[in-house]
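Subject: Handover of a structure and notes on its helices

Dear colleague,

Please find below the structure that I am passing on to you. My notes on it follow directly after.

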Amino acid sequence: MFVGHYSASFLAKTLDKRIPLGVLFIAVQLVDVFWAIFVLLGIEKVRIVPGITATNPLDLYYMPYTHSLLASFVWLGLGAVGYKSLRSTNWRAGLIVGAAVFSHWILDLLVHCPDLPLYDDVLKVGFGLWNYPVAAFLLEAGLMFGGIFLYLRATEPVTPGGKYAMPIFGVIMLLIQANVFFGSPPPSPTAAAVTALMAYFVLAGVAYWLEKKRR
Ligand SMILES: [Zn+2]
């Protein structure tokens, strides 16, 4: 899953408005950020196999440290403790960030083919919605725009652009999602990892900037 993960960012934002949206954009993709870094370092493995799913060519055959359920609980803890100590804030805020980190595995479970281990590299699960392009795309879109709707309801514009900026950003993210599903496949695992890494940080930067238009 890609842009659908941001539904959890927007939901978390409505629970504690002091947590920057840019931080929550990284939190929900934290395990993918490390997945990309680990792929680049050769610690986790992916193959490009055109046709392996109906929406993307990633054969994610080894990712125990970022995408196992057990590891997800560790990432939850790291997210919670990390945010609480770095921002010297309360446990509630830390746990909201940790939950946002953990939401990644739950939402990935819906779309991934059975490549998500429960622990280490065994007992792999995934409901496989990636093999149903229209359903997978509608799920990503529905989740993301549902999140944006919650965010817009909980905040109000403080600049003239504040009214439309986030919905427009949502449409742009959806176009990126369409390109992932229906565009040409990445030429190599390295290209897939680098593109993902750049996308996560650019989108988080934009979210960080756009949220100044509302409060
Ligand atoms: Zn993932």
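What covers the buried residues of α9? The cover includes α2 (21-28), α3 (30-41), β1 (45-48), β2 (58-62) and α8 (165-182). Before the details, two remarks on the basis of these notes. This is a predicted model, in which local features need pLDDT of at least 70 and side-chain atom pairs count only at pLDDT 80 or more, while totals for chains, interfaces and linings use all residues. Residues are numbered from 1 along each chain as its sequence is written. Helices (H or I, at least four residues) and strands (E, at least two) are DSSP runs, numbered from the N terminus.

Helix α9

Helix α9 comprises 22 residues (189-210), which at 1.5 Å a residue should span 32 Å; the expected span is 1.5 Å times one less than the number of residues. Its end C-alpha atoms lie 31 Å apart, in agreement with that value. The buried residues of α9 are Ala-192, Ala-193, Tyr-200, Leu-203, Ala-204 and Ala-207. They cover an arc of only 110 degrees around the axis, so they lie on the same side of α9; the arc is that of the directions from the helix axis to the C-beta atoms. On the other side of α9, Ala-191, Met-198 and Val-202 are exposed. For these terms, a residue is buried if 20 or more other C-beta atoms lie within 10 Å of its own, exposed if 12 or fewer, and partly exposed in between, with C-beta atoms placed from the backbone.

Thr-190 also belongs to helix α9. Thr-190 is partly exposed, because 13 other C-beta atoms are within 10 Å. Its C-alpha atom is separated by 25 Å from that of Val-125, a residue 65 places away along the chain.

The pairing of α8 and α9

How are α8 and α9 oriented to each other? Their axes come within 11 Å and cross at roughly 170 degrees; axes are lines fitted to C-alpha atoms, for helices over the stretch in contact, and angles run from 0 to 180 degrees between N-to-C directions. The two helices are therefore roughly antiparallel. Angles under 35 degrees count as roughly parallel, over 145 as roughly antiparallel, 65 to 115 as roughly perpendicular and the rest as oblique. Ala-165, Met-166, Phe-169, Met-173 and Ile-176 of α8 meet Ala-199, Leu-203, Val-206 and Leu-210 of α9, where contact requires that the C-beta atoms of two residues, placed from the backbone, lie within 7 Å. By class, this contact of α8 with α9 has nine nonpolar, no polar and no charged residues. Ala, Val, Leu, Ile, Met, Phe, Trp, Tyr, Cys and Pro count as nonpolar, Asp, Glu, Lys and Arg as charged, and the others, Gly among them, as polar.

Why is α2 described as largely enclosed by the rest of the structure? Seven of its eight residues are buried, namely Leu-21, Val-23, Leu-24, Phe-25, Ile-26, Ala-27 and Val-28. These buried residues pack against α1 (6-15), α3, α5 (69-86), α6 and α9.

With helix α6 (residues 91-111), the axis of α2 comes within 7 Å and crosses at roughly 40 degrees. That angle makes α2 oblique to α6. The contact is made by Val-23, Leu-24, Ala-27 and Val-28 of α2 and by Val-97, Ala-100, Val-101, Ser-103 and His-104 of α6. By class, the contact of α2 with α6 has seven nonpolar, two polar and no charged residues.

Trp-105 is found in helix α6. It counts as buried, because it has 22 C-beta neighbours inside 10 Å. Leaving aside neighbours within four places in sequence, Trp-105 is in contact with His-67, Leu-69, Ser-72 and Leu-116. Trp-105 and Met-1 are 104 residues apart in sequence and 9.5 Å apart in space, C-alpha to C-alpha.

Backbone and loop positions

Ser-88, in the loop between α5 and α6, has a positive phi of about 35 degrees although it is not a glycine. With 6 C-beta neighbours inside 10 Å, Ser-88 counts as exposed. Leu-123, in strand β4 (residues 122-125), has a phi near 50 degrees, a positive value in a residue other than glycine. Leu-123 is exposed, with 12 C-beta neighbours inside 10 Å.

Yours sincerely
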